[in-house]
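How can the packing of a helical protein chain be read, step by step, from its sequence and its structure? Please look at both before reading on.

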Amino acid sequence: MTDILMPKATAVWLVDNTSLTFEQIAEFCGLHPLEVRGIADGDVARDIRGADPLVNGQLTREELDKAQNNDAYRMQAVVSRHAELMKAHKPAPKYTPVSRRQDRPDAIAWFVRNHPEVTDAQIAKMLGTTKSTIESVRNRTHWNSPNIKPVDPVTLGLVGQLALDDLVRKAADKKARDDAKKGGATLQPVDAPTEPAEEEFVPEARERRGAEPTAASVFGAKD
């Protein structure tokens, strides 16, 4: 069964305008047969106006005729192109051709050397590799370390230039925000104590220290 728009309204129209069984209507509309029976009895969807699936393009006349002539036949809804376009499509996992998988360590080395702000998780997602491989390239414990050389992943054909630029920009912005937070938490330097001012010369200082010695006081007065 294919999901259809307005299943209860469609069921109301089919109950009122066709000779389909409750099971056939329930199967087409994605409802329980007892719910369809409730619609026929007026206990369910009493205020819902019927929607013609032939008019809105969800059912063909040929399918309806087949079902009315055969109680065992289950109608197939027409797949709406617009409905398919509106569905959220999950991107397929990134696939790297076997011929280019050997280039990934070179691309990892390029990230490690030129963009340390890009996290291992971001590198792994972009290149389709693992964090352990990235760590081995960084620590030079990779089995092919002697032959690994940093090469731009765009040059290697592993990623597009726009995708790479976007990744680097996002990583740089995040690092700037983190640095700003860290900078705001640091203590401000304490002002250095000012040196004491030089003692001003006060005339009375000589009096406090006593009179300066004279030759007579040192050697004694001569007769």
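The report below goes through a pair of helices, the nonpolar cores and a loop residue.

The model is predicted, and local features need pLDDT of at least 70, side-chain atom pairs count only at pLDDT 80 or more, and totals for chains, interfaces and linings use all residues. Residues are numbered from 1 along each chain as its sequence is written, and side-chain values use heavy atoms, with hydrogens and water left out.

Two packed helices are described by the angle between their axes and the distance between the axes. Here the helices (DSSP runs of H or I with at least four residues, numbered from the N terminus) are α2, residues 22–29, and α3, residues 33–41, whose axes come within 8 Å and cross at roughly 110 degrees. These axes are lines fitted to C-alpha atoms over the stretch in contact, and the angle, on a scale from 0 to 180 degrees, is taken between N-to-C directions. Because angles of 65 to 115 degrees count as roughly perpendicular, α2 and α3 are therefore described in that way.

The contact (heavy atoms within 4.5 Å) is made by F22, I25 and A26 of α2 together with P33, V36, R37 and A40 of α3. Within α2, the residues Q24, I25, A26, F28 and C29 are buried, a word that means under 20% relative accessible area with a 1.4 Å probe, counting protein chains only. The buried residues of α2 pack against α1 (7–17), α3 and α4 (61–69), and just after α2 the residue G30 takes a positive phi of about 75 degrees.

A nonpolar core is a set of buried Ala, Val, Leu, Ile, Met, Phe, Trp, Tyr and Cys residues joined through side-chain atoms within 4.5 Å. Of the 21 residues in the largest such core, F111, I123, M126, L127 and L164 touch the most other members.

| Element | Residues |
|---|---|
| α7 | 104–114 |
| α8 | 120–127 |
| α9 | 131–138 |
| α11 | 161–185 |

Helix α7 gives the most to this core, with five residues. Not counting residues up to four places away in sequence, L164 touches W110, F111, M126, D152, P153, V154 and V159. A second, separate core has 20 residues, including A26, I39, L59 and A77.

Finally, D103 lies in the loop between α6 (98–101) and α7. D103 counts as buried because its relative accessibility is 15%, and, leaving aside its neighbours within four places in sequence, D103 is in contact with L156 and L158.

Conventions:
Buried means under 20% relative accessible area, exposed over 50%, partly exposed in between (1.4 Å probe, protein chains only). Helices (H or I, at least four residues) and strands (E, at least two) are DSSP runs, numbered from the N terminus. Angles under 35 degrees count as roughly parallel, over 145 as roughly antiparallel, 65 to 115 as roughly perpendicular and the rest as oblique.
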